[in-house]
Amino acid sequence: KATLAIECAMQLSDIVHTTQLFANYCRWNERLFGEMYKAFRNGRSQNDPSLEWFRGELWFFDTIVIPLARRVEGSGLFGVSGKGCLRHAVANKKNWSHEGNKLV
């Protein structure tokens, strides 16, 4: 169980904003988008993130965030926080699917 807890914590540490309140998710998502867009504008990246950001976030929730939040919740090692991670991840995906296009 200790290995599972450490593995989940390490994976979650980079994306924990996706499992918190929507306002916090948006704040960190906007910062990441800004960094990537600036790199594109300055010629350090060939990919314009604005073209796929909305769909990319939905994909990220479906393939990375929600499955990880389910593992965290299922492990029981994080108590009530584990349930909150999954609840917020699902809510954030729903909110993003309704509002994300306006935010990009």
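Biologist: In which hand does α1 pass α3?

Modeller: This is a predicted model. Helix α1 covers residues 2-15 and helix α3 covers residues 53-75. Their axes come within 10 Å and cross at roughly 145°. The crossing of α1 past α3 is left-handed.

Biologist: Which residues make the contact between α1 and α3?

Modeller: Both helices contribute side by side in the list. From α1 come Leu4, Glu7, Cys8, Gln11, Leu12 and Ile15. From α3 come Phe60, Ile64, Val65, Leu68, Arg71, Val72 and Ser75.

Biologist: How many helices and strands does the protein have?

Modeller: Read along the sequence, the pattern is α-α-α-α. The count is 4 helices and 0 strands.

Biologist: Are α2 and α4 parallel or oblique to each other?

Modeller: Two packed helices are described by the angle between their axes and the distance between the axes. For α2 and α4, the axes come within 11 Å and cross at roughly 45°. Angles under 35 degrees would count as roughly parallel, and 65 to 115 as roughly perpendicular. The α2 and α4 pair is therefore oblique.

Biologist: What is the hand of the crossing where α2 passes α4, and which residues meet there?

Modeller: The crossing of α2 past α4 is right-handed. On the α2 side are Phe22, Tyr25, Cys26 and Asn29. They meet Asn92, Asn95, Trp96, Glu99 and Leu103 in α4.

Biologist: How many aromatic pairs are there in the whole structure, and what is the geometry of Phe22 and Tyr25?

Modeller: A search of the whole structure finds 7 aromatic pairs. Phe22 and Tyr25 form one with 5.8 Å centre to centre and 35° between the planes. Planes under 30 degrees apart count as stacked and over 60 as edge-to-face. The Phe22 and Tyr25 pair is tilted.

Biologist: How far apart in helix α2 are Phe22 and Tyr25?

Modeller: Helix α2 runs over residues 22-41, and both Phe22 and Tyr25 belong to it. They are 3 residues apart, so their separation is about one helical turn.

Biologist: Are Phe22 and Tyr25 buried or exposed?

Modeller: Buried means under 20% relative accessible area. Phe22 has 15%. Tyr25 has 0%. Phe22 is therefore buried, and Tyr25 is likewise buried.

Biologist: What kind of aromatic pair do Phe33 and Tyr37 form?

Modeller: Phe33 and Tyr37 both lie in helix α2, 4 residues apart, about one turn of the helix. Their ring centres are 5.8 Å apart, with 10° between the planes. That pair is stacked.

Biologist: Which residues form one aromatic cluster?

Modeller: Phe22 and Tyr25 of the tilted pair belong to it. Trp96, which α2 residues meet in α4, belongs to it as well.

Biologist: Which residue lies over the face of Trp28?

Modeller: The distance from the ring centre is 4.6 Å. The residue over Trp28 is Arg31.

Biologist: Is Thr3 buried or exposed?

Modeller: The place of Thr3 is in helix α1. Its relative accessible area is 62%, and exposed means over 50%. Thr3 is therefore exposed.

Biologist: What share of the protein is made up of buried residues?

Modeller: The protein has 104 residues. Its C-alpha atoms fill a box of roughly 45 × 30 × 20 Å. Buried residues make up 33%.

Technical notes. Residues are numbered from 1 along each chain as its sequence is written. This is a predicted model: local features need pLDDT of at least 70, side-chain atom pairs count only at pLDDT 80 or more; totals for chains, interfaces and linings use all residues. Side-chain values use heavy atoms; hydrogens and water are left out. Rings of Phe, Tyr and Trp (its six-membered ring) pair if their centres lie within 6.5 Å; planes under 30 degrees apart count as stacked, over 60 as edge-to-face and the rest as tilted. Helices (H or I, at least four residues) and strands (E, at least two) are DSSP runs, numbered from the N terminus. Buried means under 20% relative accessible area, exposed over 50%, partly exposed in between (1.4 Å probe, protein chains only). A charge sits over a ring if NZ of Lys or CZ of Arg is within 6 Å of the ring centre and within 35 degrees of the ring normal. Axes are lines fitted to C-alpha atoms, for helices over the stretch in contact, and angles run from 0 to 180 degrees between N-to-C directions. Angles under 35 degrees count as roughly parallel, over 145 as roughly antiparallel, 65 to 115 as roughly perpendicular and the rest as oblique. A crossing is left-handed if the near helix is turned anticlockwise from the far one by less than a right angle, and right-handed if clockwise. Contact means heavy atoms within 4.5 Å.
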